[in-house]
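Dear colleague,

I am passing on the structure we spoke about, with some notes on what turned up in it. Please look through it beside the text that follows.

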Amino acid sequence: MRINEKYDQEISIISKSRITTETTFIFSNILLFREYQSRLFAWKVALNFNGNDFFNKRKSYHNLFLDLNPVWIEELIPEDKIVTDLNSAGWDNIRSGFREYMGYFMFLFVNWGLFEEKEEIKRFVNLSHPYEPLFMILRRRGLIDFSDNKFVINGQTYLKYDNNFKLPSTDDDFLDFVDTKATDFPNQDAVNDLWSEYQTLQSNKLKNN
């Protein structure tokens, strides 16, 4: 399948996943952003680029295509086109601009899906899709803004800049479970406890069916 055909297919899939409910803050979106940071840094280490302090200082730091520097980099679908097409599909909260990150993140997410079968990416078989958590935030009614050199997610400033957090699952049911339980920002231990509780509940459901 040609890239343009694959792109049209990808935009169609994204369009159908749009949720029209008003955006609201939920703790799971913060956890997804922490998961994104950990995944991105794992890729950076694998590509011999350290320096996690650039996470909230350089927009280009998030672009793994620059680190990979493949011969096909000029084939990437431009950010402006992706934003325009997503706006036309109803995602009107995605914008491009110097301080706008939603359009940039979708540029990275969409192109990763288009080119992830390339050998330059496939050889890192043990690393997860770096940009998946970003799209999940958007799909779960999250908005990522940037102000005063800090990311802001649905009005909440993101302060936990580290690369060690691990989200046990990105399954929507588990994330919904977290949001019904969390009354404050869960740390790793709290998330692990919630995961154990969730697994126990799921196991009991299976036994009772």
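Which residues have the most contacts inside the largest nonpolar core? Please keep in mind throughout that this is a predicted model. The largest nonpolar core has 61 residues, and those with the most contacts inside it are Phe 33, Phe 105, Met 106, Tyr 131 and Phe 151. Helix H5, which runs over residues 102-115, supplies the largest share of this core, namely 11 residues. As general background, nonpolar side chains in soluble globular proteins tend to be buried together.

H5 itself is mostly covered, since 14 of its 14 residues count as buried, that is, under 20% relative accessible area. From its first C-alpha to its last, H5 reaches 20 Å, which is close to the 20 Å expected at 1.5 Å a residue.

Helix H1 (residues 3-16) has 14 residues and reaches 20 Å from its first C-alpha to its last, close to the 20 Å expected at 1.5 Å a residue. The buried residues of H1 are Tyr 7, Glu 10, Ile 11 and Ile 14. Seen down the axis of H1, these buried residues fall within an arc of 100°, so they line one face of the helix. What covers the buried residues of H1 includes helix H4 (79-88), H5 and helix H7 (132-139), whereas Ile 13 and Lys 16 are exposed on the other side of H1.

Ser 17 is found in the loop between H1 and H2. Not counting residues up to four places away in sequence, Ser 17 touches Trp 91, Phe 135 and Arg 139. The C-alpha atoms of Ser 17 and Leu 138 are separated by 9.9 Å, although these two residues are 121 residues apart along the chain. Val 45, by comparison, has its place in helix H2 and counts as partly exposed at 44% relative accessibility. Val 45 and Phe 151 are 106 residues apart in sequence, and their C-alpha atoms are 22 Å apart in space.

With 21 residues, H9 reaches 30 Å from its first C-alpha to its last, close to the 30 Å expected at 1.5 Å a residue. Which residues of H9 are buried? They are Val 191, Leu 194 and Tyr 198, and they cover an arc of only 60° around the axis, which puts them on the same side of H9. These buried residues pack against helix H2 (27-46) and helix H8 (172-181), while the face of H9 turned away from its buried side carries the exposed residues Asp 189, Asp 193 and Lys 207.

Turning to the aromatic rings, the count comes to 32 aromatic pairs. One of these is formed by Phe 49 and Phe 54, whose rings are tilted, at 6.3 Å centre to centre and with 45° between the planes. Both members of the pair count as partly exposed, with relative accessibility of 28% for Phe 49 and 22% for Phe 54. There are also charged ends placed over rings: that of Lys 44 sits over the ring of Tyr 61, 4.3 Å from its centre, and that of Lys 59 sits over the ring of Tyr 101, 5.1 Å from its centre.

Finally, a word on the backbone. Most residues other than glycine have a negative phi. Asn 48, although not a glycine, has a positive phi of about 65°; Asn 48 has its place in the loop between H2 and helix H3 (64-68) and is exposed, with a relative accessible area of 73%. Asp 148, likewise not a glycine, has a positive phi of about 55°. Asp 148 is found in the loop between strand S1 (144-147) and strand S2 (150-153), and is exposed as well, with a relative accessible area of 62%.

With best wishes

Terms used. Residues are numbered from 1 along each chain as its sequence is written. This is a predicted model: local features need pLDDT of at least 70, side-chain atom pairs count only at pLDDT 80 or more; totals for chains, interfaces and linings use all residues. Side-chain values use heavy atoms; hydrogens and water are left out. A nonpolar core is a set of buried Ala, Val, Leu, Ile, Met, Phe, Trp, Tyr and Cys residues joined through side-chain atoms within 4.5 Å. Buried means under 20% relative accessible area, exposed over 50%, partly exposed in between (1.4 Å probe, protein chains only). Helices (H or I, at least four residues) and strands (E, at least two) are DSSP runs, numbered from the N terminus. Rings of Phe, Tyr and Trp (its six-membered ring) pair if their centres lie within 6.5 Å; planes under 30 degrees apart count as stacked, over 60 as edge-to-face and the rest as tilted. A charge sits over a ring if NZ of Lys or CZ of Arg is within 6 Å of the ring centre and within 35 degrees of the ring normal. The expected span of a helix is 1.5 Å times one less than its number of residues. The arc is that of the directions from the helix axis to the C-beta atoms. Contact means heavy atoms within 4.5 Å.
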